[in-house]
Number of protein chains: 2
Amino acid sequence: MNNDSSARIATELGEWAATAAPGTRLPSTRALVARYGAGPVTVQKALRTLAARGLVESRPGVGTFVRAAVRTARPHDYGWQTAALGSPPHRLPGTSTALRTFPNDVIALHSGYPDRELLPERLVRAAFTRAARGDAAVNRPPAAGLPELQSWFAGELGAATPAGLTPPSPADVVVFPGSQSGLSTAFRALVGAGRPLLVESPTYWGALLAAGLTGVRLVPVPSGPDGPDPAELARAFRLTGARAFYAQPNYANPTGAQWSPDLAGRVLDTVRDHGAFLIEDDWARDFGIDTDPVPLAVRDDGGHVVHLRSLTKSVAPAVRIAAITARGPARERILADARAEAMYVSGMLQAVALDVVTQPAWRTHLRGLRRQLAARRDLLVAALHEHAPAARVEAVPRGGLNLWVRLPDTTDVPRLVRDCEDAGVIVAPGTEWFPAEPAGAYLRLNYSGPNPGAFPDGARALGEALARQDRA
Amino acid sequence: MNNDSSARIATELGEWAATAAPGTRLPSTRALVARYGAGPVTVQKALRTLAARGLVESRPGVGTFVRAAVRTARPHDYGWQTAALGSPPHRLPGTSTALRTFPNDVIALHSGYPDRELLPERLVRAAFTRAARGDAAVNRPPAAGLPELQSWFAGELGAATPAGLTPPSPADVVVFPGSQSGLSTAFRALVGAGRPLLVESPTYWGALLAAGLTGVRLVPVPSGPDGPDPAELARAFRLTGARAFYAQPNYANPTGAQWSPDLAGRVLDTVRDHGAFLIEDDWARDFGIDTDPVPLAVRDDGGHVVHLRSLTKSVAPAVRIAAITARGPARERILADARAEAMYVSGMLQAVALDVVTQPAWRTHLRGLRRQLAARRDLLVAALHEHAPAARVEAVPRGGLNLWVRLPDTTDVPRLVRDCEDAGVIVAPGTEWFPAEPAGAYLRLNYSGPNPGAFPDGARALGEALARQDRA
């Protein structure tokens with residue numbers, strides 16, 4: 001069966017059906033097979049697609065008929081819902097630029113997800129094919145996750161745990177359907193609505209979104225290319241009574257900061273002094289370039305670090321799997337929330353994730369990915385340097401997927417973003433990463449999108465848009 | 001590569017490594033290949049499994065070595081977390097009996113999930129294999145869902161919409177990673193913490209769990225084999241000012257009630273009179289036996305009915321896909337919550353779900369399922385009648401997966417459940433389905449579990465346990 005043919009037939013027949021009178025009978029499958037030169041299975045698939053769209057209906061033994069597309073056309077008044085819903089308790093930010101999709105012909109420097117060419121596509125397809133034959137396709141896994149996958153996540157931290165500290169056990173791991181669910185649960189279970197959560201500023205917009213959903217009170221701690229300011233962190237803990245700090249110690253999104261061992265130690269000491277949690281978002285574990293990221297979690301066995309790791313970005317968007325590793329009552333609180341929120345995570349996705357990351361070819365893939373990320377990062381840095389000198393990369397990140405670009409203070413960032421988009425270049429305004437007013441004019445440029453060969457053209461368009469503002 | 005051999009080698013080597021001194025070098029791959037008569041790929045897979053479990057570590061170019069299993073053994077004190085976490089804002093119920101797993105040799109009448117033999121296993125495996133070759137394995141779908149799957153869900157409601165009413169459009173559909181996520185989002189987005197939500201009593205325990213998580217205030221409305229009492233429903237709306245009612249109008253879990261068209265009309269009128277939402281949990285859409293379930297949602301185009309449908313139970317536990325169809329601002333509120341909670345749902349699971357339900361064999365499967373459910377239901381009803389006459393089925397359900405069994409008022413239900421378990425029969429106490437004190441002594445017996453041939457033995461054990469209480 002050919003999916004493309006079936007889609008083409010569905011489109012053509014659908015256009016015809018949309019203009020035909022309701023009740024008109026479609027040609028027989030045999031006649032359609034002859035007309036389109038396709039097999040009967042392909043034609044039937046096209047008809048099912050049209051039926052699913054409500055355009056035609058099949059009467060068994062009689063034939064297929066055009067349906068009335070919209071049976072009434074009066075506009076509806078849902079105004080009563082306004083009173084029923086009331087004002088939302090928390091305003092959620094809108095869709096981030098990082099999630100928007102654009103036509104293929106733009107130069108895309110905005111996305112939060114690596115391009116398909118950077119994914120271990122063959123490994124993922126093979127893993128799904130294998131898992132389709134196994135028990136994961138029909139069984140229900142335990143709420144905390146597949147035991148073998150829990151072991152793998154625990155083993156990843158265990159392998160880096162220094163002597164003298166107890167590595168986490170597989171039972172400390174809770175599997176989530178993606179890191180966003182992990183963030184929502186961590187904020188709900190460890191902080192709770194109305195209570196303070198310290199965050200770096202700027203920080204990951206998805207964490208700001210989860211914070212909005214869960215109603216925690218954000219307390220920004222200034223952070224830059226070297227990580228958060230430890231004195232400000234201590235002051236924020238002291239003044240707010242917060243018991244949790246959310247951070248990305250390795251290749252922070254968006255700044256790219258990797259904490260020095262000294263800073264990591266100081267932050268951990270501060271967190272311990274305040275009887276608090278560090279919610280470590282280890283999002284870029286697979287995206288080291290010049291350095292190897294070591295999670296802070298391996299330096300703590302007192303239950304202070306709650307570690308979140310996702311496989312979605314490095315394995316595939318379809319393999320929506322993340323895990324939180326936490327010890328003590330925190331782990332219980334997190335599991336109870338995850339169970340109530342989503343019951344359990346598809347065992348199929350868990351089996352596929354485990355299959356991919358335990359193949360020898362996964363290591364090979366990661367080595368190749370590192371080289372590609374290095375080349376892409378360096379290409380974009382060089383292109384900006386040459387074509388958009390007013391856009392300054394304050395620190396070249398040693399890993400991750402993004403450049404954090406400082407613009408002249410007078411830049412009209414929304415206008416710049418629009419001007420770039422008009423020129424076919426999509427960039428993300430830095431404002432989306434700030435929990436409060438932005439500390440300056442920034443763009444986040446992602447170097448893991450499609451077609452890195454166009455980076456120089458993208459930088460040129462950005463440079464020209466910046467120059468136009470300068471002249472205005 | 002042979003997965004069973006690899007698992008066997010991992011087990012044997014793991015037992016050896018657990019007793020070996022840390023640092024002991026493992027035999028070479030070549031030696032292990034010879035010892036176990038397995039291929040090198042199989043042996044390497046076993047070694048990776050052991051490494052993932054933290055039992056051995058590989059030093060490239062040197063060899064594989066036994067790791068210290070637990071490097072420190074001191075007990076940890078996580079007491080500081082008690083202060084950091086505080087009291088939980090809402091007490092979540094524990095794991096329901098319906099989610100517990102037991103050895104294969106018990107008679108399982110407790111589960112909430114149909115047995116493997118009732119699933120379209122071949123369709124699911126074929127769909128995963130097909131999807132593994134397609135774009136869904138590598139692409140990221142829109143936050144609201146794959147457009148084709150949105151169309152299918154909308155089309156299912158549209159096909160049953162009477163003339164004169166506007167069917168929902170695909171854009172009204174939001175896809176979720178399972179119905180539990182849908183319930184959590186609906187309660188958060190349409191009701192909110194501290195506000196009242198009317199529920200049938202008894203009702204689905206997963207909804208009670210989601211209510212606990214989201215902090216909505218439960219208001220029970222008495223319900224029985226015919227559905228909720230409409231006068232009590234109207235009174236509850238009036239007295240509490242609630243703007244939402246959660247219910248299962250077709251084959252309610254646990255009572256099996258299917259609302260009459262007259263009751264459905266009265267409930268809809270009451271909901272409209274109070275400017276409220278009916279959150280319709282259409283969980284058993286694929287489980288009609290004597291009747292065809294028609295969702296209430298098709299009788300409303302004013303945005304009052306928010307319709308939740310899951311495919312997890314009828315397609316496969318691995319295909320964790322559900323959808324909410326809602327119109328107007330309610331749909332916006334639901335999408336914003338879903339996006340903040342989980343960002344998007346694996347496109348692979350969405351593609352597989354769509355593939356399964358659009359195959360001609362899906363309809364054939366549902367017809368066979370109907371016959372099997374009828375036979376299983378009737379067998380369990382007859383077995384109870386013969387062997388446990390004190391356990392009364394007040395109404396034989398016309399669909400769904402459960403019998404709601406009334407016990408003599410004096411029954412010690414927890415003791416009965418324990419006695420049955422001791423006799424190898426797992427039953428679920430009715431208490432788990434009540435949002436307040438239970439209105440009587442009940443059991444929920446699921447007739448979709450494994451091995452229906454053992455239903456008479458199960459009923460006999462239940463009858464004997466009841467008789468023992470009678471004599472005591």
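This is a predicted model: local features need pLDDT of at least 70, side-chain atom pairs count only at pLDDT 80 or more; totals for chains, interfaces and linings use all residues.
Two packed helices are described by the angle between their axes and the distance between the axes. In chain A, helix 5 (residues 121–131) and helix 12 (residues 347–357) have axes that come within 9 Å, crossing at roughly 130 degrees. Helix 5 of chain A is therefore oblique to helix 12 of chain A. The crossing of these two helices is right-handed. On the side of helix 5 of chain A, the contact is made by Leu123(A), Val124(A), Ala127(A), Phe128(A), Arg130(A) and Ala131(A), which meet Met348(A), Leu349(A), Val352(A), Asp355(A) and Val356(A) in helix 12 of chain A. By class, this contact has 9 nonpolar, no polar and 2 charged residues.

A second pair in chain A is helix 14 (residues 413–422) with helix 15 (residues 455–471), whose axes come within 9 Å and cross at roughly 135 degrees. Helix 14 and helix 15 of chain A are therefore oblique to each other, and their crossing is right-handed. Here Arg415(A), Leu416(A), Asp419(A) and Cys420(A) of helix 14 meet residues of helix 15 that include Leu462(A), Ala465(A) and Arg468(A). The contact of helix 14 with helix 15 of chain A divides into 5 nonpolar, 1 polar and 3 charged residues.

The next topic is empty space. Rolling a probe the size of a water molecule over the atoms shows where empty space is left. Elements of chain A and chain B give two or more residues each to the lining, among them helix 7 (179–190) of chain A and helix 7 (179–190) of chain B. The lining of the largest cavity has 18 nonpolar, 4 polar and 4 charged residues.

The backbone comes last. Most residues other than glycine have a negative phi, and most peptide bonds are trans. Ser201(A) and Pro202(A) are joined by a cis peptide bond with omega of about 5 degrees. Pro202(A) is in the loop between strand 5 (196–201) and helix 8 (205–214) of chain A. In chain B, the peptide bond from Asn253(B) to Pro254(B) is cis, and its omega is near 20 degrees. The loop between strand 8 (244–247) and helix 10 (261–273) of chain B holds Pro254(B). Met343(A), which is not a glycine, has a positive phi of about 70 degrees; Met343(A) sits in the loop between helix 11 and helix 12 of chain A.

Note on methods: Residues are numbered from 1 along each chain as its sequence is written. Chains are lettered from A and ligands numbered from 1 in the order in which they are written. Side-chain values use heavy atoms; hydrogens and water are left out. Axes are lines fitted to C-alpha atoms, for helices over the stretch in contact, and angles run from 0 to 180 degrees between N-to-C directions. Helices (H or I, at least four residues) and strands (E, at least two) are DSSP runs, numbered from the N terminus. Angles under 35 degrees count as roughly parallel, over 145 as roughly antiparallel, 65 to 115 as roughly perpendicular and the rest as oblique. A crossing is left-handed if the near helix is turned anticlockwise from the far one by less than a right angle, and right-handed if clockwise. Contact means heavy atoms within 4.5 Å. Ala, Val, Leu, Ile, Met, Phe, Trp, Tyr, Cys and Pro count as nonpolar, Asp, Glu, Lys and Arg as charged, and the others, Gly among them, as polar.
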